[in-house]
Amino acid sequence: MASSHISVRKTDNLIRIDFIDRNILDELNIHQIGEEILKAVESEFRPKVVIVFKNVEHMSSAAFGTLMKVNERVKARDGQLRLCQITPRIHEAFVMTKLNRIFSISDTYETAVASFV
Amino acid sequence: MANSVKAFRCEHTLRELREGLERVHPEAEAALAAHGFDDGAKFAIRLAIEEAVVNAFRHGNRSDPKKSVHFRAYIDDTRASFEVEDEGPGFDPATIPDPTEDENLEIPSGRGVMLIKAYMTEVEYVPPGNLLRMTYRKPA
């Protein structure tokens, strides 16, 4: 089995997901990453999920698609998703694609957690 | 200043997506660094190469393992140009829905071509649409 690309920390229904590698959100790994995130989310009811982009240097449209699937799945479980610590270049890609209107993006992990309702 | 590094040229026939990306990304990144492209340019070009090669395999060749993707690159101190050609029937890029329109925003796919056009200086789909030419020019 391929090694994990994410680390998952759970405290009650708060789930923090960190990426381990820098180039993980490209086409080569995104399918496996999506499966790992969905697995972490699906075991919780009303999950509050924070995905931390601290180590991520590259994105692709496939990664956007995976994040949208995760967002749908979290909403289907009556949960909330936040993204944080996105580099300016990747944030620009969110703005360019207008996906900053779909996702709730925070500067820090702490502000992301504080934004849950 | 005159060019101090010889222009980089390469041509590859890619037979499989993963192997293809693992081949072209490091080669392009090394050439871009040698020719003084900054981190923002390298980010943009990597993303465009990724989207172009993925589209060529997935949509152009429709993941047919008997078909290849032809990748050509030219990089000098002023520009980075690429050609990505698949062996499929081609397509009309004008038929792709705009992913930034409100009604398309929540559709998980269809952003690759838009990102290529956003990040590269010049983008051309040569009819019948199975050959993509794209260039990133350093700002003057």
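Predicted model: local features only at pLDDT ≥ 70, side-chain atom pairs only at ≥ 80, totals over all residues.
1. Contact between chains A and B. Chain A contributes 19 residues to the contact, and chain B contributes 20 residues. On the side of chain A that touches chain B, the elements giving two or more residues are helix 2 (61-76) and helix 3 (88-96) of chain A. Helix 2 of chain A supplies the largest share of that side, six residues. Sorted by class, the side of chain A that touches chain B holds eight nonpolar, six charged and five polar residues.

2. Nonpolar core. The largest nonpolar core has 58 residues, and the members that touch the most others are B:Ala48, B:Ala52 and B:Val53. Helix 2 (residues 39-60) of chain B gives the most to this core, namely 11 residues.

3. Geometry of helices 1 and 2 of chain A. Two packed helices are described by the angle between their axes and by the distance between the axes. Helix 1 (residues 30-42) of chain A packs against helix 2 of chain A at an angle of about 15 degrees, and the axes lie 10 Å apart. Because angles under 35 degrees count as roughly parallel, helix 1 of chain A is roughly parallel to helix 2 of chain A. The crossing of helix 1 of chain A with helix 2 of chain A is right-handed.

4. Residues between these helices. From helix 1 of chain A, the residues that meet helix 2 of chain A are A:Ile30, A:Ile33, A:Gly34, A:Ile37, A:Leu38, A:Val41 and A:Glu42. Their counterparts in helix 2 of chain A are A:Ala62, A:Ala63, A:Thr66, A:Lys69, A:Val70, A:Arg73 and A:Val74. By class, the residues of this contact divide into nine nonpolar, three charged and two polar.

5. A:Ile51. This residue lies in strand 3 (residues 48-52) of chain A. A:Ile51 counts as buried because it has 23 C-beta neighbours inside 10 Å, where 20 or more are required. Not counting residues up to four places away in sequence, A:Ile51 touches A:Ile17 and A:Leu83. From A:Ile51 to A:Gln85 the C-alpha to C-alpha distance is 8.8 Å, with the two residues 34 residues apart in sequence.

Methods
Residues numbered from 1 in each chain as written. Chains lettered and ligands numbered in written order. Contact = placed C-beta atoms within 7 Å. Helix = DSSP H or I, 4+ residues; strand = E, 2+ residues; numbered from the N terminus. Nonpolar A, V, L, I, M, F, W, Y, C, P; charged D, E, K, R; others polar. Core = buried A, V, L, I, M, F, W, Y, C linked by C-beta atoms within 7 Å. Buried ≥ 20, exposed ≤ 12 C-beta atoms within 10 Å, placed from the backbone. Axes fitted to C-alpha atoms, helices over the stretch in contact; angles between N-to-C directions. Parallel < 35°, antiparallel > 145°, perpendicular 65-115°, else oblique. Left-handed = near helix turned anticlockwise from the far one by under 90°.
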